[in-house]
Amino acid sequence: MLIPSFVLCVLDPLAYHSSLLDDPLLWGFKGFPSLDANLARWVLAAEDICFKNSVLTYFFRLGKCIPITRGAGIYQEYMNEALQCLNNGAWLHTFPEGKVSQEDAPIRRLKWGTASLIVRAHVTPIVLPMVHSGFEEVMPEKFFLDRRPPFPLCNKKIKIMIGQPLEFDIPKMTELAISKSSGDVFSSTTTSRGWPVISFYGLDLDEAAQRYLYSSISEEIQSAMEELRSSLK
């Protein structure tokens, strides 16, 4: 099965999530400076899996993991920590689908959290798409009695493919979002989530404009990831 992923650079990677081992094993390929802690990525990690107790919290925090609460929205507390990493010029790894998927199927609609980080960063990150396959065989979700194996499985073939960087003209896209979102479906048929008004380049984006902007960015990233995923088959 093929798993899409991408890297946002200043640096920030975005990945398709096929197993719980994707992130630590993904950066072990030959030639990658995985032992240099200063070059290591930051990554968004599920709070309910990686931060269930103090021991796990300490371990994953040492591994430069940022806890994210599922369903808490794109403006939850720790998203600000992720944003600060980007503003400091760090490399941030995210899983834009927001969950593990081991199905050989097209990518689901991406969550808007990653797009919001791209928009809100002081310097617009470069997005580096990636796809990988094989991790779902190393740690299958339904190995025995619908459970994962107690240890990673060995002798599995892993493929990693890196695409062309994506860059976004945020000022131009912001102007378009404000224009297109005024009185359209984003503001007339969607329940408000109480997002704050944010300002960029002297322009104020209400929730409708943000929805349009985040959706546009996510769709472009999803298209690039799906194209890369298809090319690896």
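**Local features of the predicted model**

The side chain of Ser116 reaches the backbone oxygen of Gly113 at a distance of 2.6 Å in this predicted model. Ser116 belongs to helix α5, which spans residues 113-120. With a relative accessible area of 0%, Ser116 is buried. When neighbours within four places in sequence are set aside, Ser116 is in contact with Ile74, Met79 and Tyr214.

Confidence was examined along the chain. The mean pLDDT of the protein chain is 80, and 79% of the residues reach 70 or more. Where pLDDT is low, the predicted coordinates should not be read in detail.

Helix α3 comprises nine residues, 54-62. The number of these residues that are buried is zero, so helix α3 lies largely in the open. At the start of α3, a side-chain oxygen of Asn53 comes to within 3.1 Å of the backbone nitrogen of Val55. Lys64 follows α3 and has a positive phi, near 65°.

The cysteines were considered next. The structure holds zero disulfides. Cys65 is in no disulfide; the cysteine sulfur nearest to that of Cys65 belongs to Cys50, at 6.0 Å, whereas a disulfide requires the two sulfur atoms to lie within 2.5 Å. Cys65 is buried, its relative accessible area being 6%. Cys154, by contrast, counts as exposed, because its relative accessibility of 62% lies over the 50% cut-off.

A further residue examined was Pro171, which is found in helix α7, residues 170-181. Pro171 has a relative accessible area of 32% and is therefore partly exposed, a class that covers values between the 20% and 50% cut-offs. The C-alpha atom of Pro171 is separated by 9.8 Å from that of Gly202, and the two residues are 31 residues apart along the chain.

Technical notes:
Residues are numbered from 1 along each chain as its sequence is written. Side-chain values use heavy atoms; hydrogens and water are left out. pLDDT is the predictor's confidence in each residue, from 0 to 100. Buried means under 20% relative accessible area, exposed over 50%, partly exposed in between (1.4 Å probe, protein chains only). Helices (H or I, at least four residues) and strands (E, at least two) are DSSP runs, numbered from the N terminus. A polar contact is a pair of N or O atoms within 3.5 Å; within protein, one must be able to donate a hydrogen and the other to accept it, and residues adjacent in sequence count only if both atoms are side-chain atoms. Contact means heavy atoms within 4.5 Å.
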